[in-house]
Each structure stands twice: as C-alpha cells, then as structure tokens.
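Dear colleague,

Please find below the structure that I am passing on to you. My notes on it follow directly after.

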Amino acid sequence: VEPTIFECTSDDSEIVKEEVFGPVMSLLTFSTEEEAVSRANASPYGLGAGIMTNDLSRAHRVAKRFQSGNVWINNYNLAPSEMPFGGYGMSGFGRENGVYAIENYTQIKNVYVEMGDVDSSCYP
C-alpha cells in the first residue's frame, strides 16, 4: 500500500472510525481544542495519536487528555525498544517493550518472615 493521506469531511467515514494498520492518515479539521479532543476520544480505539504543532504547551495539554496509549508530538509511529507500546480501549491489553513488558512474564509472590520474637500466646 502506498502512503496515503485521506482528507475526510466527516467523523462517520469508515477510514476515520476504524483502526487502520498501514501507511495511511486521516486528515480532519477542527475549530477548537475541546472539539478535537472530544472527537478523538469518541473512538473505541486508542492505539496512537499524533499532534503536529509549534505550540508544545498546547501539545502536552492535549496529549494528556487523549485516551490513547501512545501520543507522538511532531512525529509519528516511532517506537524505540525502551518505550512502552500499547493501546487503550479496544486497541490492546498490556504493554510491549520497556520495563512494563516484564510484568507480562512475571508472577509476583510475597513472603513475609518475622525475625523478632513472636508472641505465641496469640496462637492456640
């Protein structure tokens, strides 16, 4: 598939509503920051979001509000091995990469040992 940008006029377009894997991007306009966040979070998916801007304060504010496992600012889809990768909602469970991935391969057990005197009168 060739890299493609879809200029969409509606959030109801299939290309906008579905989680597409491939070199494609849906381009939609918005009037306010609140509108952009609300429309983005209306999706049941939340693997990745991208913000292109010169206003880094705004980008961080919006990134915090996006319901997405990954948010890229002024770039997209870079995933170094030390960066946890995974989605929100219907876009996955758990994380790949980074120290968070270790949790998928471990089972936690706690063992407490009292090393001081034990009050045996509590136990029949």
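Is Glu-35 buried, partly exposed or exposed? Glu-35 has a relative accessibility of 27% and therefore counts as partly exposed; buried means under 20% relative accessible area, exposed means over 50%, and partly exposed lies in between (1.4 Å probe, protein chains only).

Before the remaining findings, a note on their basis. This is a predicted model, in which local features need pLDDT of at least 70 and side-chain atom pairs count only at pLDDT 80 or more, while totals for chains, interfaces and linings use all residues. Residues are numbered from 1 along each chain as its sequence is written, and side-chain values use heavy atoms, with hydrogens and water left out.

Salt bridges

A search of the whole structure gives five salt bridges, a salt bridge being a side-chain nitrogen of Lys or Arg within 4 Å of a carboxyl oxygen of Asp or Glu. Side chains of opposite charge can pair when their charged atoms come close.

Glu-35 takes part in one of these with Arg-39, where the closest N and O atoms are 2.8 Å apart. Both residues lie in helix H2, four residues apart, which is about one turn of the helix. (Helices are DSSP runs of H or I with at least four residues, strands are runs of E with at least two, and both are numbered from the N terminus.) Salt bridges with shared partners join Asp-11, Glu-35 and Arg-39 into one network. Arg-39, with a relative accessible area of 27%, is partly exposed.

Another salt bridge brings together the side chains of Arg-58 and Glu-33, at 2.8 Å from N to O. Arg-58 belongs to helix H3 (residues 56-65) and Glu-33 to helix H2 (residues 33-41), so this pair ties together parts that are 25 residues apart in sequence. Arg-58 is partly exposed at 31%, whereas Glu-33 counts as buried at 15%.

Glu-34 and Arg-65 also meet through their side chains in a salt bridge, with 2.6 Å from N to O. This pair links distant parts of the chain, as Glu-34 is in helix H2 and Arg-65 in helix H3, 31 residues apart. Glu-34 is partly exposed at 47% relative accessibility, and Arg-65 is partly exposed at 33%.

Strands S4 and S5

Strands S4 and S5 run parallel and are joined by four bridges; two strands pair if DSSP finds at least two bridges between them. Ala-49 stands opposite Val-71 of S5.

Asn-70 is located in strand S5 (residues 70-73) and, at 4% relative accessibility, is buried. A polar atom of the Asn-70 side chain lies 2.8 Å from the backbone oxygen of Leu-47. Leaving aside residues up to four places away in sequence, Asn-70 touches residues including Gly-48, Ala-49, Met-83 and Phe-85, contact meaning heavy atoms within 4.5 Å.

Strand S1

Ile-5 lies in strand S1 (residues 4-7) and is exposed, with a relative accessible area of 56%.

I would be glad to receive your comments.

Yours sincerely,
A colleague

Methods
Polar contact = N/O pair within 3.5 Å; in protein donor to acceptor, adjacent residues only side chain to side chain.
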